[in-house]
Amino acid sequence: MDTNTKELVNQGKMLPLMEAFYTIQGEGYHTGKAAYFIRVGGCDVGCHWCDVKESWNAELHPPTSVETIVENAKKYSDTIVITGGEPLMWSMDYLTNLLQKNNMKTHIETSGAYSFSGKWDWFCLSPKKTKLPLDEVYNEADELKMIIHNKSDFDFAEQQAAKVSEKCELFLQPEWSKKEKMTSEIVDYVMKNSKWKISLQTHKYLNIP
Ligand SMILES: C[S@@+](CC[C@H](N)C(=O)[O-])C[C@H]1O[C@@H](n2cnc3c(N)ncnc32)[C@H](O)[C@@H]1O
Ligand SMILES: Nc1nc2[nH]cc(C(=O)O)c2c(=O)[nH]1
Ligand code: SF4
Ligand SMILES: [Mg+2]
């Protein structure tokens, strides 16, 4: 990468773009809503069950100008989900400003493990044990989405729920490879602990991106 490109990436004016696609939000509070997804490369959180490991190495994803990304986005939807990889590895200020200026709603999917940036209409926080969210991020969460891979993840979910604001929506989502066992555990748990709702990866059942 030349020094000029590096500088633009540092400023958040270019981002390593893995893919962008129009689909239905499959998970969490906005499940069922049509949205345009922007997947930014780069993540070092290291979840062993991550369903998008191809995103991890940012160098495999070409630095792309935010103007180009936004021009494409606005052809499809007024709801834009920024995901990754870990989007907060990069400055999200320039991207989210330009999206909002063009009357689009900005949603993020993040582990919260990097410093907060951007202006968000919806902030979905999905904490990971391997690299916890920064303290500054918890208060931003509109939605806490905890992945349940084994029984000990329920305790971790409760610890994380204690850190978000009162108004934050709480979701438990089965880890996909353990979904048979963990979906029924989550059903039992939610019936006993009704502050939580269940979130399924509905796009995978629907065979859409
Ligand atoms: C691929 S991550 C990208 C955004 C960010 N790095 C994060 O983890 O929030 C998008 C969402 O998918 C969830 N996820 C990833 N792999 C999963 C799996 N195998 N089963 C269930 N959810 C998964 C993450 O927890 C996160 O909520
Ligand atoms: N349809 C669909 N919904 C999603 N919600 C969060 C996703 C993500 O990977 O961040 C995702 C995804 O990859 N596809
Ligand atoms: S933080 Fe997100 S992108 Fe990174 S490894 Fe975990 S699930 Fe995958
Ligand atoms: Mg996904």
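A: In this predicted model, Cys 43 touches Ser 55, Trp 56, Gly 84, Gly 85 and Glu 86, leaving out residues up to four places away in sequence.

Q: Where is Cys 43 found, and is Cys 43 buried or exposed?

A: A residue is buried if 20 or more other C-beta atoms lie within 10 Å of its own. Cys 43 has 24 such neighbours inside 10 Å, so Cys 43 counts as buried. Cys 43 is found in the loop between β2 (34-40) and β3 (63-65).

Q: Which residues does UniProt place under "binding site" with Cys 43?

A: The unreviewed UniProt entry places that feature at Cys 43, Cys 47 and Cys 50. Cys 47 is also in the loop between β2 and β3.

Q: How many other C-beta atoms lie within 10 Å of Cys 47, and which residues does Cys 47 touch?

A: A count between the buried limit of 20 or more and the exposed limit of 12 or fewer makes a residue partly exposed. Cys 47 has 19 other C-beta atoms within 10 Å, so Cys 47 is partly exposed. Beyond four places in sequence, Cys 47 touches Lys 128 and Thr 130.

Q: What else does the annotation "binding site" cover?

A: According to the unreviewed UniProt entry, it covers Ile 24, Gln 25, Gly 26, Arg 39, Thr 83 and Pro 209. Gln 25 lies in the loop between β1 (14-24) and β2, and Gly 26 is found in that loop too.

Q: Which residues are in contact with Gly 26, leaving aside its neighbours within four places in sequence?

A: Gly 26 is in contact with Thr 31, Gln 201, Thr 202, His 203 and Lys 204. Gly 26 is buried, with 21 other C-beta atoms within 10 Å.

Methods. Residues are numbered from 1 along each chain as its sequence is written. Chains are lettered from A and ligands numbered from 1 in the order in which they are written. This is a predicted model: local features need pLDDT of at least 70, side-chain atom pairs count only at pLDDT 80 or more; totals for chains, interfaces and linings use all residues. UniProt positions are given in the numbering used here, feature names are shortened, and annotations may be inferred rather than shown by experiment. Helices (H or I, at least four residues) and strands (E, at least two) are DSSP runs, numbered from the N terminus. Two residues are in contact if their C-beta atoms, placed from the backbone, lie within 7 Å.
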